[in-house]
Amino acid sequence: MDKQLLHYKGSRSVIVWIGVLTALQSVAILYQAIYLSKAITQMFLGDGWSSVSVSFALFAAAHVCRHLLQWMKERIAGRFAERTALELQQQLIQKIFGLGPRRAVGKYGSGNLVTLSLEGVPKFKKYIELLIPRGLSMALTPIVILIYTFTLDITSGVTLLLVMPILIVFLVLIGLVTKKRTDAQMETYQLLSSHFVDSLRGLVTLKYLGRSKSHEKAIATVSRKYRIATNRSLRYAFLSAFSLDFFSSLSVAVVAVQLGLQLIEGNMALFPALTILILAPEYFLPVRELGNDFHATTDGKEAAEQIQGILQEETIDANDAPTLEDWSATSKLKLSGIQYSSEEGQKLLSDINMSVTGYTKVGVVGSSGAGKSTLIDLLSGFAVPQTGKITIDGNEVDHLFIPDWQRQLTYIPQHPTILSDSIEANIKLYSPMATDEEVENAVHKAGLSRLVASFPNGLKEKIGQGGRVLSGGEEQRVAVARAMLQERPILLLDEPTAHLDIETEHDLKELLLPLMENKLLFFATHRLHWMKQMDRIIVMMDGGIAEVGTHDELLKAGGVYTKLVQAHRKGMSG
């Protein structure tokens, strides 16, 4: 039984209603067996058709009532499971956003999170939908049948009472083995999903490096591991189903033999013997159904446990943050002694001290792994520093994941998100209330007019998955158009041109430069030609700030920045 079951909203009332219906259904099963055995006994004794037909009619009525109650149970459980699964999915998505994309994806993996959200939640729904009716049937129906059996024949009642624990022990033992195999299968499934997502994201890079063919072996290896784990899991699931059917059939056979001996010896009449024989399979049926459904829905239980683990993660609290004024020419941001480490304990930022005022264009440069993207994550609120102080216009905050900072922020990453929707919907992603005129103006300024004009459906043309595929430069233009619609005073750019060729970058630069004016800008990049347009340059090395100054000042100093420029020029000439 799921430990969290009683904590789900409305679960207690659902359990009560299904429990009442299960009790009534158990009574209907009794009457079904009673009138069926009575009709058969009457026919065997040669009673008139009128009395036999009455017994058959009452049997049919009990049979219909039983299945009507079963339908009602499944309907109540289905509605509860659907509502609970939807709420759990919403809580999971909110928690992922609360943790922040870097923390959530870094710890759990994008593939695992996608799998849990899109596939784990429906499996959990099926698990809850089957668990409550089956669990209550196992708890109530055998007891009702056992009590009635004792009223008919004590020996048969003792036989049923002794056989049931043996069947449950086999169920538990097989369940433990199957769970171990299912856990292994779930782990390989998560590995496969994460590997698949990572492969899709890195496909362009693999093709560029000429490694796409060799990557097929890695995909085949991961897929083979998942296939083997799945076959093992299915093997044990089939074995458990066979074992449950075998032992329950054997238990019924024991009861039948015992009843047959009593009939031969004349110690029991035909009617009670036939009634007990009809009830014996019904006595073991709830255990068989619970066992079969348990193995069929174990992955749903595993998914629920993983989701609950994520939901118990401590999130960033933005409710107690101070109220901030809109960023202006006199606003000031100060970072003092900032330290930040990854989940694995690797130090990514060390003793960051900096301050900016007003509408300043700040370039952030450094070699790979120097901490550029981590600093952008910190400024965007994706990362929360372990130590240090952040001050905005005299207001001290622990992090920048606060509403008043976020609503002023525009973020353009290296790979912008393109939804499977129209190009208009993608541009209006963060500004859904934008007018057609504003969208067209943004399309024109972002240099998308020719592309949109080439589409048969114009702005209504579907892009992304299932639609037209855009190049890297076109995707960045969509991101620029989004930023133009937002018109926010703080702009963060994290390597927006890293994967673009020189010609495409030059065109994009002409679009971005006007967008940078009258804003607080942080621009992290390897492309140093952007730095001539920056008011200040922060040079990072090993997670710390090595130098700060303008382009000319840093060149004169002959330090780290100069070496980066020289290496950049050498790479360009080579």
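Over residues 131-151 the chain of this predicted model is 100% helix and 0% strand, with the end C-alpha atoms 31 Å apart; helices (H or I, at least four residues) and strands (E, at least two) are DSSP runs, numbered from the N terminus. Residues 48-69 are 95% helix and 0% strand, and there the end C-alpha atoms lie 32 Å apart. Both segments are among those that UniProt, in an unreviewed entry, lists as "transmembrane region", the others being 14-36, 157-177 and 234-256; UniProt positions follow the numbering used here, feature names are shortened, and annotations may be inferred rather than shown by experiment.

Residues are numbered from 1 along each chain as its sequence is written. Local features need pLDDT of at least 70, side-chain atom pairs count only at pLDDT 80 or more, totals for chains, interfaces and linings use all residues, and side-chain values use heavy atoms, with hydrogens and water left out.

The strand pairings, where two strands pair if DSSP finds at least two bridges between them, are as follows.

| Strands | Sense | Bridges | Facing residues |
|---|---|---|---|
| β1 (residues 332-341), β4 (residues 387-392) | antiparallel | five | Ser-336, Lys-389 |
| β4, β5 (residues 395-397) | antiparallel | three | Thr-391, Glu-396 |
| β3 (residues 361-365), β11 (residues 536-541) | parallel | four | Val-365, Val-539 |
| β11, β12 (residues 544-549) | antiparallel | five | Met-540, Ile-545 |

Strands β4 and β5 form a hairpin with two residues between them, and Asp-393 in that turn has a positive phi of about 50°. A hairpin is also formed by β11 and β12, again with two residues between the strands, and in its turn Asp-542 has a positive phi of about 55°.
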